[in-house]
Amino acid sequence: GVLWQSIYRSNYALIGIPLAQSLFGEAGAMTASLLSAFVVPTFNICAVISLSVFQHTGKKVDVRKMLLDIAKNPLIQSIFAGLAVLCVRALFVKVGISFRFSDITPVYTVFDYMSKMATPMALLCLGSQFEFSAVAELRREIIFGVVARTVAVPMIGIGVAYLFFRDFGGAAFASFIALFATPVAVSSVPMTQEMDGDVTLAGQLVVWTTTISSVVIFISSFILKALGVFG
């Protein structure tokens, strides 16, 4: 379950969207943000399914419990909460209310700083728990997960996009790099722990894919720029 999760679950929301912005400006960020409305729920639903199916309990998969776990997933709940806020904002606009949360500058600034601190803090916490002694024991699983996430997925995903959807433009391809070439999501570790998966392996995959993906992102961006995708 952890290996399946590492193959498809990239750190799209926290690393991918800022990466798309750095590659193609505001257009890249906007396209990536729109894509996240589909990508993030899909990642989390698939993660719950894969971790449930491959649990080493010896019991039959409880479909009702799996659906409940999907409904209780914090990221999925946050997406619906965000949609609810957008509906309220649309209602405000319709009735002529100009108030925005960003108008409360001190509070908004604090939350903005906290959001930017989330990923570095998560990586620091994960790094403090990292154990080199586990590398030897999990060597095959780590190699498989890292190669799949940082080599196979970017080659297949971005390659297929270039072959069949090259007319989409640079903003879309910035989003594709953010989707396929970024490392395993940090949030995969607490989810694995919550669902009684192999937490040690999940942490190892996050650390190693984060280390290697920087090279993969550079190579992917360089190739696409050389091909004229980014102009």
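N11 lies in the loop between α1 (2-8) and α2, the helices being DSSP runs of H or I of at least four residues, numbered from the N terminus. N11 counts as buried because its relative accessibility is 4%, where buried means under 20% relative accessible area, exposed over 50% and partly exposed in between (1.4 Å probe, protein chains only). The model is a predicted one, in which local features need pLDDT of at least 70 and side-chain atom pairs count only at pLDDT 80 or more, while totals for chains, interfaces and linings use all residues. Residues are numbered from 1 along each chain as its sequence is written, and side-chain values use heavy atoms, with hydrogens and water left out.

**N11 and T182**

- Leaving aside its neighbours within four places in sequence, N11 is in contact with G16, T182, P183, V184, A185 and V186, contact meaning heavy atoms within 4.5 Å.
- T182 is placed in the loop between α8 (170-180) and α9 (188-194).
- T182 counts as buried because its relative accessibility is 0%.
- The side chain of T182 reaches the backbone oxygen of A178 at 2.6 Å.
- Beyond its neighbours within four places in sequence, T182 has contacts that include N11, S10, Y12, R149 and S213.

**V216 in helix α10**

- V216 belongs to helix α10 (residues 199-226), and V216 is buried, with a relative accessible area of 13%.
- V216 and I177 are 39 residues apart in sequence, and their C-alpha atoms are 9.5 Å apart in space.
- With neighbours within four places in sequence left aside, V216 is in contact with T150, P154 and A181.

**Largest pocket**

- The largest pocket has a volume of about 980 Å³.
- Of the 25 residues that line the largest pocket, F101, Y108, F111, D112 and S115 are the closest to its centre.
- On a 1 Å grid over the protein atoms alone, a pocket is an open set of points where a 1.4 Å probe fits, with protein on both sides within 12 Å along at least five of seven lines, and lining residues have an atom within 4 Å of a point.
- Grid points are joined across faces, edges and corners, and a volume is the space filled by probe spheres set on the points.
- α2 (12-53), α4 (74-95) and α5 (105-128) each supply at least two residues of the lining of the largest pocket, and α2 gives the most, with eight residues.
- The lining of the largest pocket divides into 14 nonpolar, six polar and five charged residues, where Ala, Val, Leu, Ile, Met, Phe, Trp, Tyr, Cys and Pro count as nonpolar, Asp, Glu, Lys and Arg as charged, and the others, Gly among them, as polar.

**Second largest pocket**

- The second largest pocket has a volume of about 830 Å³.
- Of the 32 residues that line the second largest pocket, A13, V40, L75, S78 and I79 are the closest to its centre.
- At least two lining residues of the second largest pocket come from each of α2, α4, α5 and α9, with the largest share, nine residues, from α2.
- By class, the lining of the second largest pocket has 22 nonpolar, nine polar and one charged residues.

**Helix α4 and backbone angles**

- α4 has 22 residues and reaches 31 Å from its first C-alpha to its last, close to the 32 Å expected at 1.5 Å a residue.
- Just after α4, G96 takes a positive phi of about 85 degrees.
- D196 has a positive phi of about 60 degrees although it is not a glycine.
- D196 is placed in the loop between α9 and α10, and D196 counts as exposed at 64% relative accessibility.

Notes. A polar contact is a pair of N or O atoms within 3.5 Å; within protein, one must be able to donate a hydrogen and the other to accept it, and residues adjacent in sequence count only if both atoms are side-chain atoms. The expected span of a helix is 1.5 Å times one less than its number of residues.
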